Amino acid sequence: MSKQDNRSISAALATATCTLLGSGVVQPAVAQEEPDWDFNTSLLYYGEDGDRVKDFSVSAIARRMFVDDRFLTLSLTVDGLTGATPSGAIRQDVPQTFTRPSGNAAYTVPGGVLPLDDTFKDTRVAISGGWQQPIGETSLINVGASASKEYDYMHLGVNAKYARDFNQRNTTLSAGIALSMDSLDPVGGAPTPLTPMLDVGDTSNRLGDQDKDVLDVVFGVTQVISRNLVVQANYSYSMSDGYLTDPYKVLSLVDGTTGDTLLRTLTPGVEGPSHQYLFENRPDERTKHSLYGQAKYYMNGKVLDASYRYMTDDWDIDSHTVDLRYRIPFGTDSYIEPHLRFYTQTEAEFYQLSISDAQPLPSFASADYRLGDFDAITAGVKYGWRTRNDNEMSLRVEAYRQAGTVPGSQIIGNQASRDNYPDLNAVIVQFGYRF
Amino acid sequence: MGSPCELVCEAPKRAHALRLTGRVAAEAWRIEEKFSRYLEGNIVARINAASGKTIEVDEETADLLDFAVTLYDLSEHRFDITSGVLRRVWRFDGSDCIPGVSEVEAVMQLVGWHRVSWQRPYLQMPAGMEIDLGGIGKEYAVDRCAALIREEGGDPCLVNFGGDLVATEAPDRRRHWKVAIEGDSATEADRIVNLKQGALATSGDARRFLLKDGRRYSHILDPTTGWPVPDAPRSITIVADTCVEAGAVSTLAMLKGAAAEGFLKAQTAAFWCRR
């Protein structure tokens with residue numbers, strides 16, 4: 001037989017195969033080699049209303065798959081933060097002047113307006129790397145490291161997790177540990193706690209660098225209940241040790257009767273605070289315990305993902321979080337996922353709106369609204385779709401609303417007529433692309 | 001079939017899965033019993049023991065023989081179901097035992113489809129010659145089982161007989177089946193193929209070879225010479241609509257030796273060739 005043209009071989013083979021197997025309906029083959037890398041990228045905008053915090057964040061996670069279920073994961077996130085954040089000082093009917101955290105300048109807030117510190121501008125770069133590897137048939141180990149750097153803060157961390165399957169892979173037990181070593185180099189130096197905000201140029205109450213260590217331990221169990229239901233429960237323990245104070249937050253020192261912030265005597269020719277403010281102070285230890293439960297329920301293509309977390313800590317903050325997601329497929333290539341999240345927490349034992357001159361100075365005090373008693377709700381929707389070349393895109397839009405209350409017992413005199421807790425509204429828009 | 005055979009299926013009910021598995025297993029055993037050259041009394045044994053007499057074969061056997069003849073023609077006589085007797089002198093055990101030229105020549109007297117008279121359904125073969133349908137039987141069994149599953153309603157199934165496999169359709173909750181292709185050792189995957197539907201077959205066995213004076217002899221024998229095909233790839237994996245087709249393309253490519261990649265590129269099928 002003469003040399004066959006390669007194409008006629010194909011055709012001859014197809015005919016011969018058809019003769020051998022009969023004319024059953026056979027779908028054309030669809031296959032491709034697993035790509036070595038996959039990338040998950042996202043662009044995120046978080047914007048609080050008014051002049052408050054805006055965050056533009058770009059992140060990329062690259063995952064390299066090796067044979068036998070070994071994975072290398074690398075991630076990079078860059079955040080650009082701008083905007084102003086409540087300083088902790090309360091509203092006054094008159095304008096208030098503050099020394100900037102740098103100690104180099106002052107700014108003034110009009111009367112009746114919540115004092116915001118607008119020096120809050122930063123770029124944060126975070127990187128992390130992780131390695132996952134099976135051990136034998138039923139175990140999996142993950143190890144990783146992370147680092148992040150912003151102007152006044154540096155984080156270094158390591159983590160490890162071990163998981164083991166039991167009961168024909170229907171039960172997974174896991175244990176993880178993470179250590180984090182952070183150092184802070186606040187703008188202008190960390191202030192000595194509970195000392196007054198001083199004139200511009202006066203750095204006599206500033207300390208050097210600070211640091212804190214965090215240990216996190218988590219134990220978890222995941223159980224497949226049925227073809228449609230998977231549940232998970234975790235206990236986690238977190239211990240922070242070191243400088244846990246926010247160096248940029250202050251409390252107003254107020255008159256024990258009127259509740260108005262005490263005026264300060266200014267040195268002529270020197271810029272400085274108009275009123276008396278004390279830098280906050282928090283305990284140098286915090287221990288948290290969390291219990292987390294999650295259920296994922298699959299029903300005819302739709303997935304309900306419900307979770308609840310209870311957290312309690314030795315600062316007296318108790319919180320409850322309920323998170324609900326419901327993923328509804330649209331055709332074969334897209335889905336829509338409504339999301340609702342409810343959060344509530346009690347205030348820290350040392351949270352106080354202001355410090356009264358009629359009371360002895362407390363050992364710890366903070367007016368940071370994030371340590372107050374508040375409720376928050378997040379509501380949003382995510383739409384995801386598969387592109388023509390089989391990549392995934394998603395768009396998430398969410399609104400966040402936080403509203404808090406200050407206990408009546410902490411409100412003094414004229415404070416009763418003012419809006420004391422800085423409520424917060426924010427929008428979150430995220431675009432994700434996976435390829 | 002000389003290798004582990006498995007069916008992975010996603011059926012709505014346990015009873016359905018069991019019935020499907022039962023039917024697939026029965027079909028695999030039927031083909032094994034009918035065409036294995038290691039078993040007594042089947043059609044292959046009768047042909048091989050005919051000592052020159054003419055044998056009338058059934059429809060299914062005739063179909064397989066016709067298909068083998070097509071491959072024989074398409075391969076310029078390198079795919080030959082009578083070449084099995086070469087194994088008497090070639091044992092690919094990793095050693096350096098290369099047979100002598102005269103030993104190979106002696107066995108070659110019993111090799112060659114051109115010595116066989118095939119007038120469907122009658123086959124007549126000189127005494128001492130043997131046929132072996134092992135080169136197509138496993139792939140044929142996989143396709144037959146896949147056809148059974150489609151008949152039964154077409155649940156997403158993966159029929160895998162020793163690495164030659166068919167996916168009837170993508171699994172319910174995933175986009176594709178992940179198929180790991182063995183590398184040099186059986187425990188380490190060489191690559192992973194995402195198979196949504198269709199067939200995948202691999203020819204070649206990286207662990208079966210002879211090594212003498214620094215030269216590697218692959219276990220792919222050329223029945224026109226009696227010697228291993230020079231420069232054959234270690235393994236070739238092919239994706240095609242059916243397993244029979246995938247197996248045939250990979251075998252034909254193997255027999256092309258150094259020209260395997262060129263041959264494969266001209267085919268429409270997706271392929272991975274390992275040297």
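## Helix 5 of chain B

The expected span of a helix is 1.5 Å times one less than its number of residues. In this predicted model, helix 5 of chain B has 18 residues and should therefore span 26 Å; its end C-alpha atoms lie 26 Å apart, in agreement with that expectation. The helix covers residues 134–151 of chain B.

After helix 5 of chain B comes B:G153, which has a positive phi near 120°.

## The interface between chains A and B

Contacts between the two chains involve 40 residues of chain B and 27 residues of chain A. On the side of chain B that touches chain A, at least two residues each come from several elements, among them helix 3 (59–74), helix 5 (134–151), strand 7 (177–182) and strand 8 (189–203). Strand 13 (235–240), helix 6 (243–255), helix 7 (260–266) and strand 14 (270–274) of chain B also each supply at least two residues to this side.

Strand 8 of chain B provides the largest share of the side of chain B that touches chain A, with eleven residues. The composition of that side by class is 21 nonpolar, seven polar and twelve charged residues.

## Nonpolar cores

The largest nonpolar core has 75 residues, of which B:V142, B:V159, B:L165, B:A199, B:L200 and B:A246 touch the most other members. Helix 6 of chain B gives this core its largest share, nine residues.

Another core, of 17 residues, lies apart from the largest one; A:F98, A:M197, A:L251 and A:Y277 are among its members.

## Strand pairing

In chain A, an open sheet of three strands has the order 18-17-23 and mixed pairing. Its edge strands, strand 18 (277–279) and strand 23 (354–356) of chain A, each pair on one side only. From one strand to the next, the twist averages 35°. Strand 17 (residues 250–254) of chain A runs antiparallel to strand 18 of chain A, and three bridges join them. A:L251, which also belongs to the core of 17 residues, has A:L278 in strand 18 of chain A as its bridge partner.

In chain B, four bridges pair strand 9 (residues 209–212) with strand 10 (residues 215–218) in the antiparallel sense. These two strands of chain B form a hairpin with two residues between them, and B:D213 in the turn has a positive phi of about 50°. B:K212 stands opposite B:R215 of strand 10 of chain B.

## Two partly exposed strand residues of chain A

A:T77 is located in strand 4 (residues 70–82) of chain A. This residue counts as partly exposed because it has 17 C-beta neighbours inside 10 Å. Apart from neighbours within four places in sequence, A:T77 is in contact with A:S57, A:S59 and A:A126. A:T77 and A:V158 are 81 residues apart in sequence, and their C-alpha atoms are 17 Å apart in space.

A:F342 belongs to strand 22 (residues 334–345) of chain A. With 15 C-beta neighbours inside 10 Å, A:F342 is likewise classed as partly exposed. Not counting residues up to four places away in sequence, A:F342 touches A:V322 and A:I377. A:F342 and A:V322 are 20 residues apart in sequence, with a C-alpha to C-alpha distance of 5.2 Å.

## Backbone exceptions

Most residues other than glycine have a negative phi, and most peptide bonds are trans. A:N300, although not a glycine, has a positive phi of about 50°. A:N300 lies in the loop between strand 19 (285–299) and strand 20 (302–313) of chain A. With 6 other C-beta atoms within 10 Å, A:N300 is exposed.

A:D316 is not a glycine either, yet its phi is positive, at about 75°. The loop between strand 20 and strand 21 (318–330) of chain A holds A:D316, and with 13 C-beta neighbours inside 10 Å this residue counts as partly exposed. In chain B, the peptide bond from B:R120 to B:P121 is cis, with omega near 0°. B:P121 is found in the loop between strand 3 (117–119) and strand 4 (122–124) of chain B.

How values were computed
Residues are numbered from 1 along each chain as its sequence is written. Chains are lettered from A and ligands numbered from 1 in the order in which they are written. This is a predicted model: local features need pLDDT of at least 70, side-chain atom pairs count only at pLDDT 80 or more; totals for chains, interfaces and linings use all residues. Two residues are in contact if their C-beta atoms, placed from the backbone, lie within 7 Å. Ala, Val, Leu, Ile, Met, Phe, Trp, Tyr, Cys and Pro count as nonpolar, Asp, Glu, Lys and Arg as charged, and the others, Gly among them, as polar. Two strands pair if DSSP finds at least two bridges between them. Axes are lines fitted to C-alpha atoms, for helices over the stretch in contact, and angles run from 0 to 180 degrees between N-to-C directions. A residue is buried if 20 or more other C-beta atoms lie within 10 Å of its own, exposed if 12 or fewer, and partly exposed in between; C-beta atoms are placed from the backbone. A nonpolar core is a set of buried Ala, Val, Leu, Ile, Met, Phe, Trp, Tyr and Cys residues joined through C-beta atoms within 7 Å.
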